Amino acid sequence: MTSDIHDDAVLIVDFGSQYSQLIARRVRELGVFSQICAWDNDQVNPEYLSKFRGIILSGGPETTTIDSAPFASDAILSAGLPILGICYGMQTLAKQLGGAVEPSDVHEFGYARIEVEGQNKLLSGISDHHEDGKDYLDVWMSHGDRVSEMPEGFQLTASTESCPIAGFADEERHIYGIQFHPEVTHTLQGARVLEHFVRGVCGCGSSWTPAQIVADAIEKIRDQVGTDHVILGLSGGVDSSVTAALLAKAIGKQLTCVFVDNGLLRKDEATQVIEMFGDDMGLDIRQIDAEELFLGKLKGVSDPEEKRKVIGNTFIEVFDESAATIDNANWLAQGTIYPDVIESAASATGKAHVIKSHHNVGGLPEDMQLKLLEPLRELFKDEVRKIGLELGLPYDMVYRHPFPGPGLGVRILGEVKKEYADLLREADAIFIEELRTADLYHKVSQAFTVFLPVRSVGVVGDARRYAHVVSLRAVETIDFMTARSAHLSHDFLDRVSSRIINEIPGISRVTLDISSKPPATIEWE
């Protein structure tokens, strides 16, 4: 590598916004590396901040009008780096730098039109409308407080009738604040606003590209591993598959893939994985039939978190056994990605509620014999897919719907049994097959079937059937942080339901989950 792809980097300071990861992804889409840290991370010091070219302060659910409100640290404000405050980020800048914030008489949640005021590097030259010599932007607002007084040295850059100070700037110090959210697609020119900041103000280049990410990762893998051997737990999911392709390119024959059939895979998954990665790509794959082992350890376990830990720990036990048979095997590779790291770190520090643990970054035994190698650890899911294509993996494989690490173990509610897994596999296969037939598979973001721990009476022919119940789940989402139920036609759902009930004797009823995220999660467990 002639230059480090992390040299041009922007720090996202998270004040608890649901959009913080989206801000980071939008910056990366501009070809600029970004990293997220919590507002009260005590590692944020001058040395840490020296790695960055600029700082973005996120929105957040709190109010600056109380004494215990989150704030930007002195290290951030005194670093001399360009700063962009978004929503709450703007409000805390205003208050901390000598301005004032007050509750707004009119709360703005949703679409708003702002007037661009004056000339500045952030907003000048961007507009959705030009009327009577003035420029206007269509934006997305979400706030209950507003800046009532700008700090000394700041100039007005944007306004609305209900929010007279919707943007401000101190061009001399390169500090900007905007009350709207440029990271969401509802702000039509949001990408250009962010580009003006990271390129025009911070002076960042565009070295964060799939090709350069791959080249950088290969170099680091080779430096880290040396002549050691690496074991990868290959599941067939997107993350582990891209990890396999990346490691194969970096270290070739030093990689052994361990494919564990834990009895919790999708229908025919084992055959598909061996054919693609073993037969087609020529990787060294050791297939282990561990269904009996996993199901035995899951017997009597019904709590979702406990199931995840049992499955994760059992994987490691299997890998340790495999490692003992491979000369010079010192590394366990995993497909851990950046959202896993962020969410698990927040849970570990008590700065976020535990929604679910991630098997890749939690639950690993402390006495594990192998060192961890996580080449995708800096990447969001959309970036993983892009480098998968860069590495030559098939589109249908790279854009396969997400599948949880614990597999069907967390799609079978309550205790996991072989009978339940077999029924769920068949029902899920029918659902996915029908989605593909109807050309809907790539139009929904994720679709799967859930096994419910109840039975229901049905009638098949002239006979009474008292059998199990499954639920269909299909969602549409951009970033998987929020999602809505996919709007599938009644005719399509009727066809899926009819096939499942008629073709699978153990199922008597099919239901549909139409919950949004939030308040629900996409997976049930």
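Predicted model: local features only at pLDDT ≥ 70, side-chain atom pairs only at ≥ 80, totals over all residues.
The protein chain exposes about 23,000 Å², and carbon and sulfur atoms supply 48% of that area; accessible areas come from the Shrake-Rupley method with a 1.4 Å probe, and for residues only the protein chains shown count as cover. Residues are numbered from 1 along each chain as its sequence is written, and side-chain values use heavy atoms, with hydrogens and water left out.

Overall dimensions come next. For 525 residues, a compact globule would have a radius of gyration near 24 Å, and the 26 Å found for the protein chain agrees with this; the radius is taken over C-alpha atoms, and the globule rule is 2.2 Å times the number of residues to the power 0.38. Along the principal axes, the C-alpha atoms of the protein chain fill a box of roughly 75 × 60 × 40 Å. Of the 525 residues, 55% count as buried, where buried means under 20% relative accessible area, exposed over 50%, and partly exposed in between (1.4 Å probe, protein chains only). Among contacts (heavy atoms within 4.5 Å) between residues at least 6 apart in sequence, 74% join residues at least 24 apart. The secondary structure comes to 15 helices and 19 strands; helices (H or I, at least four residues) and strands (E, at least two) are DSSP runs, numbered from the N terminus.

Five strands with parallel pairing stand in the order β13-β12-β11-β14-β15, two strands being paired if DSSP finds at least two bridges between them. The edge strands, each pairing on one side only, are β13 (284-289) and β15 (371-373). On average, neighbouring strands of this sheet are turned by 30 degrees against each other, direction ignored; axes are lines fitted to C-alpha atoms, for helices over the stretch in contact, and angles run from 0 to 180 degrees between N-to-C directions. Within the sheet, β11 (residues 229-233) and β14 (residues 329-333) run parallel and are joined by four bridges, with I231 standing opposite L332 in β14.

Two helices lie across strands of this sheet. Helix α6 (residues 210-225) lies across β11, β14 and β15 and runs at about 170 degrees to β15. Helix α8 (residues 269-280) lies across β12 (255-261) and β13, at about 165 degrees to β13.

A search of the whole structure finds 29 salt bridges, each defined as a side-chain nitrogen of Lys or Arg within 4 Å of a carboxyl oxygen of Asp or Glu. One of them pairs R400 with E269, the closest N and O atoms being 3.4 Å apart. Because R400 lies in the loop between α13 (395-398) and α14 (418-437) and E269 in helix α8, the pair ties together parts that are 131 residues apart in sequence. Both R400 and E269 are buried.

K418 counts as partly exposed, at 42% relative accessibility. E434 forms a salt bridge with R495, whose closest N and O atoms are 3.1 Å apart. This pair links distant parts of the chain, with E434 in helix α14 and R495 in helix α15 (residues 490-503), 61 residues apart. E434 counts as buried at 8% relative accessibility, while R495 counts as partly exposed at 38%. Both belong to a network of salt bridges that links E433, E434, R495, R499 and E503.

Seven of the nine residues of helix α4 (residues 88-96) are buried, so the helix is largely enclosed by the rest of the structure. The buried residues are Y88, G89, M90, Q91, T92, L93 and A94. Just after α4, G98 takes a positive phi of about 110 degrees. A69 is found in the loop between β3 (54-57) and α3 (74-77) and is buried, with a relative accessible area of 11%. Leaving aside neighbours within four places in sequence, A69 is in contact with T63, T64 and Y88. The C-alpha atoms of A69 and T92, 23 residues apart along the chain, are separated by 8.7 Å.
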